[in-house]
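Subject: Structure for you to look at

Hello,

Please find the structure below, with its sequence.

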Amino acid sequence: MRQSPRGGADSGTATAGGRLVSIGSVLHQLRDEFPEVTISKIRFLESEGLVEPQRTPSGYRKFSTEDVERLAQVLRMQRDHYLPLRVIKEHLDAVERGEDVQLPSVRPQRGPVEPSDDLPEVVVHAAALVGRAEFLAAAEVGGEQLDEWESYGLITPVADGGYDIEAVQVARLISQLGDFGIEPRHLRAMRASAEREAGLVEQVVAPLRRHRNPQTRAHAEARTKELASLTVRLHSALVQTALRVRLH
């Protein structure tokens, strides 16, 4: 079994007393820092070679302290550095071999954005693009799933066939909704609503974007981010209001 290094100063996940624990116990420990993690996600990371738990004679997985720390490292690198699993595996394997390697990063540079409660940060333009293979690894989906999502217009590659960070985020959200039985065909209305909201923002900022003054065009970028954030906040509030009405 691979002996993984401990997480370091920024890690706080470990099994109690160094004993081997079940996948359910691992899930409980990881969810303190990674609320979105699931047993399916842990099994997927195992299938990709990111962790190699022991097996009992009856086939049950048993995870060591090092296994749990390695899983935490993988999830942390995905969340904080937006790295495909292949890159994460290569980096961790190099660290285990004692090589002095720096953590790679494909996360785009982002300008300052005002926080909006617990809603995700709205980024209108992202510089980093990945190919199809890297997209599938980063989003942790199969090619057939991606083809289906593209057929419904939920995922759209850019002109050169690459995918941006927002597409990976959309894919992960679609997968999480799928865990609740919500199929891609059910999400077409949400896609259409997003297109209408984007069109509204575009109408407002279009005159500024066409202006000859560079400062005015820069102001258009800031205004676009602000309007996008407001539309996301409004959409969330409207959904919560509608649910409150329906459920009470």
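Helix α3 is largely enclosed by the rest of the structure, because 14 of its 17 residues are buried. Buried means under 20% relative accessible area, exposed means over 50%, and partly exposed is in between, with a 1.4 Å probe and protein chains only. Helices here are DSSP runs of H or I with at least four residues, strands are runs of E with at least two, and both are numbered from the N terminus.

Before the rest, two notes on the source. This is a predicted model, in which local features need pLDDT of at least 70 and side-chain atom pairs count only at pLDDT 80 or more, while totals for chains, interfaces and linings use all residues. Residues are numbered from 1 along each chain as its sequence is written, and side-chain values use heavy atoms, with hydrogens and water left out.

Helix α3 and what touches it

α3 covers residues 65-81 and reaches 23 Å from its first C-alpha to its last, close to the 24 Å expected at 1.5 Å a residue. The expected span is 1.5 Å times one less than the number of residues in the helix.

Phe34 sits in the loop between α1 (23-30) and α2 (39-47). Is Phe34 buried or exposed? Phe34 has a relative accessible area of 1%, so it is buried. Leaving aside neighbours within four places in sequence, Phe34 is in contact (heavy atoms within 4.5 Å) with Ala72, Leu75, Arg76 and Arg79. Phe34 and Ala72 are 38 residues apart in sequence, yet their C-alpha atoms are 8.4 Å apart in space.

Salt bridges

A salt bridge is a side-chain nitrogen of Lys or Arg within 4 Å of a carboxyl oxygen of Asp or Glu. How many salt bridges are there by this rule? The count comes to 15.

One of them joins Arg70 and Glu96, with the closest N and O atoms 2.2 Å apart. Glu96 lies in helix α4 (residues 85-96) and Arg70 in helix α3, so this pair ties together parts that are 26 residues apart in sequence. Arg70 is buried at 1% relative accessibility, whereas Glu96 is partly exposed at 28%. Both belong to a network of salt bridges that links Arg70, Lys89, Asp93 and Glu96.

Another salt bridge pairs Arg86 with Glu90, at 3.6 Å between the closest N and O atoms. Arg86 and Glu90 are 4 residues apart in helix α4, which means that about one helical turn separates them. Arg86 is partly exposed, with a relative accessible area of 44%, and Glu90 is partly exposed too, with 45%.

A salt bridge also forms between the side chains of Glu46 and Arg55, at 3.2 Å from N to O. Glu46 counts as buried at 18% relative accessibility, while Arg55 counts as partly exposed at 45%.

Helix pairs

Two packed helices are described by the angle between their axes and the distance between the axes. The axes are lines fitted to C-alpha atoms, for helices over the stretch in contact, and the angles run from 0 to 180 degrees between N-to-C directions. Angles under 35 degrees count as roughly parallel, over 145 as roughly antiparallel, 65 to 115 as roughly perpendicular and the rest as oblique.

The axes of α5 (residues 132-139) and α7 (residues 165-178) come within 9 Å and cross at roughly 45°. That makes α5 oblique to α7. The contact is made by Phe135, Ala138 and Ala139 of α5 and by Ala167, Val168, Ala171 and Arg172 of α7.

The axes of α8 (residues 188-209) and α9 (residues 214-247) also come within 9 Å, but cross at roughly 155°. These two helices are therefore roughly antiparallel to each other. Residues making the contact include Val201, Val204 and Leu208 of α8 and Ala220, Thr224 and Leu227 of α9.

α9 has 34 residues and reaches 50 Å from its first C-alpha to its last, close to the 50 Å expected. Its buried residues, which pack against α8, include Thr216, Ala228 and Ser236.

A loop residue

Tyr152 is in the loop between α6 (143-151) and β4 (163-164), and is partly exposed at 25% relative accessibility. Leaving aside neighbours within four places in sequence, Tyr152 is in contact with Pro184, Arg185 and Arg188.

Regards
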